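Subject: Structure handover

Hello,

The structure we spoke about is placed below. My notes on what was found in it follow.

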Amino acid sequence: MIKTAELFDLTKTEARELLERTEYPWEALAGIHDFILSYGKSLGEEYEKRGEDIWIHKTAKVAPTAYVNGPCIIGAETEVRHCAFIRGNAFVGRGAVVGNSTELKNVILFDKVQVPHYNYVGDSILGYRSHMGAGSITSNVKSDKTLVVVKDGEKKYETGLKKMGAVLGDNVEVGCGSVLNPGTVIGKESNVYPLSSVRGVVPPGSIYKKAGEVAEKRY
């Protein structure tokens, strides 16, 4: 359950066109830069162009202390809070929250995503209504600098990428202080306990307690 169509409701992002070209979501990471430049030029009067290759919806709230570098698109009713650092190649959806001291780089945030407190999100895709608790981060480069491999049990998926953080399916909850290691994929509707170090694939509808202890949710 790690394919693009299995992880996301693509009607919940204006980056749908980019993601629809992919079988696996990490295939979109290399195309974020060019897609923002192309899509940004098509946006109407409801967006303001602020600086070079930066498009911000008129209903979005961006704190004067936030730093936004292009190319970047920030959607309607999104809030970018005090001292947020958007480094570029960031496609931020409608109704999202980019919090104080949060850093974004080469990311797609679906609508209603929340990264509200001291988060680093790099080379990653966060699905609809996913939420990262305070201090949780994506680690996007392996310590040995080799290419990232997504590991799903005995299966291995070669990404061909030196930098890949995490992919969160729709409605994923990541607990405070957690680290999502390079190549992490978390299936939709799953929860991660606080202070976790997550590697590989977490199935949809799961509760990740620690490595080797993943429980199925009971509804």
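Arg 16 counts as partly exposed, because its relative accessibility is 36%, which lies between the 20% limit for buried and the 50% limit for exposed. Please keep in mind throughout that this is a predicted model.

Salt bridges

Arg 16 forms a salt bridge with Glu 20, and the closest N and O atoms are 2.7 Å apart. Glu 20 is partly exposed too, at a relative accessible area of 47%. This pair belongs to a set of eight salt bridges in the structure.

Another of them joins Glu 103 and Arg 87, with 2.9 Å from N to O. Glu 103 lies in strand β10 (residues 103–109), while Arg 87 lies in the loop between β7 (85–86) and β8 (90–92), so the pair ties together parts that are 16 residues apart in sequence.

Glu 213 is partly exposed, with 35% relative accessibility.

Rings

The count of aromatic pairs comes to eight. One of these pairs is Tyr 24 with Tyr 157, which is tilted: the centres are 5.4 Å apart and the planes are at 55° to each other. It links distant parts of the chain, as Tyr 24 is in the loop between α2 (16–19) and α3 (32–40) and Tyr 157 is in strand β16 (residues 155–158), 133 residues apart. Are these two tyrosines, Tyr 24 and Tyr 157, buried or exposed? Both Tyr 24 and Tyr 157 are buried. Ring pairs also bring in Trp 26, so that Tyr 24, Trp 26 and Tyr 157 are linked into a cluster.

The charged end of Lys 12 sits over the ring of Tyr 128, 5.0 Å from the ring centre. The charged end of Lys 49 sits over the ring of Trp 55, and here the distance to the centre is 5.5 Å.

Helix α3

Which residues of α3 are buried? They are Ile 32, Phe 35, Ile 36 and Gly 40. These residues cover an arc of only 120° around the axis, which means that they are on the same side of α3. The face of α3 turned away from the buried side carries Asp 34 and Ser 38, which are exposed. The cover over the buried residues of α3 includes α2, β2 (54–57), β5 (72–74), β8 and β10.

Start of the chain

Met 1 lies in the segment before α1 (4–7). At 55% relative accessibility, Met 1 counts as exposed, because exposed means over 50%. Leaving aside neighbours within four places in sequence, Met 1 is in contact with Glu 6, Leu 7 and Pro 204. The C-alpha atoms of Met 1 and Glu 77 are separated by 31 Å, and these two residues are 76 residues apart along the chain.

Regards

Technical notes: Residues numbered from 1 in each chain as written. Predicted model: local features only at pLDDT ≥ 70, side-chain atom pairs only at ≥ 80, totals over all residues. Heavy atoms only, no water. Phe/Tyr/Trp six-rings, centres within 6.5 Å; stacked < 30°, edge-to-face > 60°. Helix = DSSP H or I, 4+ residues; strand = E, 2+ residues; numbered from the N terminus. Buried < 20%, exposed > 50% of the residue type's maximum accessible area, 1.4 Å probe, protein only. Lys NZ or Arg CZ within 6 Å of the ring centre and 35° of its normal. Salt bridge = Lys/Arg side-chain N within 4 Å of Asp/Glu carboxyl O. Arc of directions from axis to C-beta. Contact = heavy atoms within 4.5 Å.
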